Amino acid sequence: MKVSVIGTGYVGLVTGATLADLDNQVVCLDILEEKINMLNSGNSPIYEPGLEELLRKGLKNKNLVGSTEIEQNIRNSDITFICVGTPSDNNGNIDLSYIKSASSSIGRALRDKNGKHTVIVKSTVVPLTTEDVVLPNILKKSGWKRENLGIGMNPEFLREGSAIHDAQNPDRIVIGFADDVARKALKELYNPYKCKKLECSPRTAELIKYASNSFLATKISFVNEMANMSNVWGIDFQEVAEGMGLDSRISAEFLRAGAGFGGSCFPKDVKALAAAAKNSEVESLMLKATLEVNDIQPKIIVKMAEERLGVIKGKKIAILGLAFKPDTDDVRESRSEIVVRELMEKGASVVAHDPEGMANFKKIIDVKMAPTPELATEKADCAIIMTEWGLYKNLDLESLLERMNGNVLIDGRRALNAKKADEVGFDYKTIGLG
Ligand code: UDX
């Protein structure tokens, strides 16, 4: 099939690369010439394992190309995926401006096209956006008759760091369609994948995406709340999580307690769904609690340090981990941001390290960085692990203690062996271990 993809961010590039790999003719579209030039020269504009190889393969066998000529390429394709960003505004409401401008471009492109065309929203959007915003806008700008246009919503469930694997080995594919044109196109496109395909309305597909992310985020906040109780009751929450996870209805996934969830999806999506519910006058107590617990977790980390150090002011504190999870340079909504800000406000001298995320974090907070965890912890009164990088899990605890000025070690991700840390002589504290 001839596929055009609007937006060469995370979702757009992974969608384009994997559809090209299924032998479709894919054109990735963006207004930013720099990104398209990078793409066409075989360099991925974002870091994601396996993506660059797939892009290069697509370019080489001519199944994939990037272009800034948006309308012409939409017109020449059979199906267009909208993969633009949907950020939150200051009140957590979804900002649909990129969705609106993408659908306007599609509408303008279709003015000079005859036949049929399918438009699929892949960006995460609040329920009713595809039917009430995208569809009318395209019809208005194109002057097309409704029956020639296919409209659908097909969410992605990609995790950063394993997006290509997730796209090629999906648990399920959600085919949201408003008409048979879109249904047929999506079924044909995804035919090579043999997983369960769920057919539903666009609004159902939109909520499946939000409900899935909100449920996972809620699962994390729930275990964090249980872990906070474990802290005071002398219980090891890891054992509790193991006991819970053995129940197949609960599953062992997403039961890791710690400093809370971050990243480009969970915080934004939970806020957007809560804001959409509020706008429709529906109470969303669960979502509110999920966000509140997530805001508390980094504060508990700071409190753990404060209780051990007495005062924070004037203390040298090493922060190990700035990325929102390991194996990424993404620091968006990272819990480290809250911890670093609070420690600096309290007068600590903070030195941070992250294997990949330092440059991005520096754009948010001008904190002192050290090139290695060893240098970051040199003469520190306290070290705090905020991301469970392998590098930190393998730290030599004896030499860490020798290097430091004090012995306070706070583990925000349960990355270390608690018993070993105690034996070495650390005043070790982690979430979920009483
Ligand atoms: C997530 C969803 O998993 C994916 O399906 C969706 O499309 C986008 O959002 P991602 O943001 O890449 O993917 O990260 P994920 O691996 O899910 O982790 C999100 C956050 O939750 C991280 O900050 C992680 O540290 C935290 N987390 C995860 C926990 O605190 N405990 C857990 O048990 C699991």
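Analyst: Start with one definition: two strands pair if DSSP finds at least two bridges between them. Keep in mind that this is a predicted model.

User: Is strand β6 buried or exposed?

Analyst: Buried means under 20% relative accessible area. From β6, Leu-149, Ile-151 and Met-153 point one way, and Gly-150 and Gly-152 point the other way. Five of the five residues of β6 (149–153) pass that test, so the strand is largely enclosed by the rest of the structure. The answer for β6 is buried.

User: Which strands stand at the edges of the eight-stranded sheet?

Analyst: The order in this open sheet is β3-β2-β1-β4-β5-β6-β7-β8, with mixed pairing. An edge strand here has a single partner strand, so one side of it is left without a neighbour in the sheet. The strands at the edges are β3 (64–67) and β8 (196–200).

User: By how much are neighbouring strands of this sheet turned against each other on average?

Analyst: Direction is ignored for this value. The average turn is 25°.

User: What is the bridge partner of Arg-172 in β8?

Analyst: Strand β7 spans residues 172–177. β7 pairs with β8 in the parallel sense, over five bridges. In β8, the partner of Arg-172 is Lys-196.

User: Which strands does α1 touch, and what angle does its direction make with that of β2?

Analyst: Helix α1 packs on the sheet. The strands touched are β1 (2–6), β2 (25–29), β3 and β4 (79–82). With the direction of β2, the direction of α1 makes about 165°.

User: Which residues of α3 make the contact with α1?

Analyst: α1 passes α3 in a left-handed crossing. On the α1 side, the contact uses Leu-13, Val-14, Ala-17, Thr-18 and Asp-21. The contact residues divide into six nonpolar, one polar and two charged. On the α3 side they are Leu-51, Leu-54, Leu-55 and Lys-57.

User: Is Asp-23 buried or exposed?

Analyst: Asp-23 is in the loop between α1 and β2. Its phi is positive, about 75°, although Asp-23 is not a glycine. Exposed means over 50% relative accessibility. Asp-23 has 58%, so it counts as exposed.

User: Where is Glu-281, and what is its relative accessibility?

Analyst: Glu-281 has a positive phi of about 60°, although it is not a glycine. Its place is the loop between α11 (266–279) and α12 (285–309). Glu-281 counts as exposed, because its relative accessibility is 75%.

User: Which strands stand at the edges of the six-stranded sheet?

Analyst: This open sheet has the order β11-β10-β9-β12-β13-β14, and its pairing is parallel. Each edge strand has a single partner strand. They are β11 (368–369) and β14 (427–430).

Definitions and conventions. Residues are numbered from 1 along each chain as its sequence is written. This is a predicted model: local features need pLDDT of at least 70, side-chain atom pairs count only at pLDDT 80 or more; totals for chains, interfaces and linings use all residues. Side-chain values use heavy atoms; hydrogens and water are left out. A crossing is left-handed if the near helix is turned anticlockwise from the far one by less than a right angle, and right-handed if clockwise. Helices (H or I, at least four residues) and strands (E, at least two) are DSSP runs, numbered from the N terminus. Contact means heavy atoms within 4.5 Å. Ala, Val, Leu, Ile, Met, Phe, Trp, Tyr, Cys and Pro count as nonpolar, Asp, Glu, Lys and Arg as charged, and the others, Gly among them, as polar. Buried means under 20% relative accessible area, exposed over 50%, partly exposed in between (1.4 Å probe, protein chains only). Axes are lines fitted to C-alpha atoms, for helices over the stretch in contact, and angles run from 0 to 180 degrees between N-to-C directions.
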